[in-house]
Amino acid sequence: METKIWFVDKQMNLSTSYEQVQQAAILLQQNEVVAFPTETVYGLGGNATSNIAVERIYEAKGRPSDNPLIVHIADKSQLHLLVEDIPAYAEKLMDAFWPGPLTLVLPVIQGTVSTKVTAGLSTIAVRIPEHPVALAIIKETSLPIAAPSANLSGKPSPTKADHVWKDLNGKIAGIVDGGETGVGLESTVVDCSEGIPVILRPGGITKEQLEEVVGIVKIDPALTKREEVPKSPGMKYTHYAPKAPLWLVDGSNEYLQSLVNKQQQKGKRVGVLTTDESFEQYKANVVLSCGTRSDLSTIANKLYSILREFDDSDVDIIFSEIFPLEGVGEAVMNRLEKAAGYQRVKE
Ligand code: TXA
Ligand code: MG
């Protein structure tokens, strides 16, 4: 299959961008799958009401079919066609954070979307993205659009169209290139099917932000204890894995450097994932900074792209610094832990 590419203006200001969006929307209406930017990561969109379109999404990504997809809508009027029994706290969360990087899991009205979207669950995950291009595409289709991250299953999520191209060229109908995404990590997934909201996946909106709006918010115990079975099916898979083994290092820069030296003595090419603060201090084959510790959102923004850079740099092993579990640091560490397959060394 030839994968079309459309270049669009991120803000949708150019009149040509609208034509490109129309072409992408027509393919989506024909149940083809098309990748487009959102404010978090690139999504691989397909008509959520069509079994064929949704099967195409799973197939292109090589994604296990028991891992349900997030449905993207352009405004709240579409929500009431999909879900029922919306608790008052969920309304508050929508008012505060939509459009934005927050996904709510709510009881689905059966028969409204393909059962492959929900993987047969009684709930559906929904969000309104905050990206002019994503919103324009969804509006143009007049459909609910299922869109997982537009990467091959197991690879870091794409934050640039080029990442999507590398993973899915030839497997999907098109890519709408709207430049780099904003947040860099996926949306926060919150289960709203019970009395209290429960974070199933940490992401762009932090626990602290949610609590400011609705008071108490729980975290799915599976996110902190590995032996628990996560409620969000996607959280049980190893994700975001770079090709080389990745180790998280809980210790000083000197300790991390000593680990690098040991590996180099064995003839290995070693990578170090660090921040602007320590970048100059390490001597390794490849040293990459993913942002500054003074603003963890910069780390979130570049993390996936840096993990992909390590893949292109042919290292045998990667050592990474760790980050405080504050604000978006929670989501950063969640993705890093998974990328590392939970491998950690302590000084
Ligand atoms: O930022 C994002 O959320 C991106 C962009 C493209 O919007 N999308 C994304 O989709 O990350 P995906 O498919 O890669 O992740 C969806 C997550 C998975 O962990 C999945 O298990 C969970 O949402 N999920 C979907 N439906 C669910 C449901 N009914 N109950 C619990 N978890 C659900
Ligand atoms: Mg994903």
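Does C192 count as buried or exposed?

Tutor: This is a predicted model, in which local features need pLDDT of at least 70 and side-chain atom pairs count only at pLDDT 80 or more, while totals for chains, interfaces and linings use all residues. Residues are numbered from 1 along each chain as its sequence is written, chains are lettered from A and ligands numbered from 1 in the order in which they are written, and side-chain values use heavy atoms, with hydrogens and water left out.

C192 counts as buried because its relative accessibility is 1%; buried means under 20% relative accessible area, exposed over 50%, and partly exposed in between, with a 1.4 Å probe and protein chains only. C290 is also buried, at 0%. The structure holds zero disulfides, a disulfide being a pair of cysteine sulfur atoms within 2.5 Å.

Two threonines can be read in the same way. T181 is buried, at 5%, and sits in the loop between β8 (174-177) and β9 (188-191); strands are DSSP runs of E, at least two residues, numbered from the N terminus. A polar atom of the T181 side chain lies 3.0 Å from the backbone oxygen of T40. That is a polar contact: a pair of N or O atoms within 3.5 Å, where within protein one must be able to donate a hydrogen and the other to accept it, and residues adjacent in sequence count only if both atoms are side-chain atoms. Leaving out residues up to four places away in sequence, T181 touches T38, E39, T40, V41, Y42, T159 and N301, contact meaning heavy atoms within 4.5 Å.

T3, in the segment before β1 (4-7), is buried at 7%. Its side chain reaches the backbone nitrogen of G170 at 2.7 Å, and a polar atom of that side chain lies 2.8 Å from the backbone oxygen of I172. G170 and I172 are among the residues in contact with T3 beyond four places in sequence, as are W165, L168 and I175.

Finally, the lack of disulfides leaves the burial of C192 as a matter of accessibility: 1%, hence buried.

How values were computed
Helix = DSSP H or I, 4+ residues; strand = E, 2+ residues; numbered from the N terminus.
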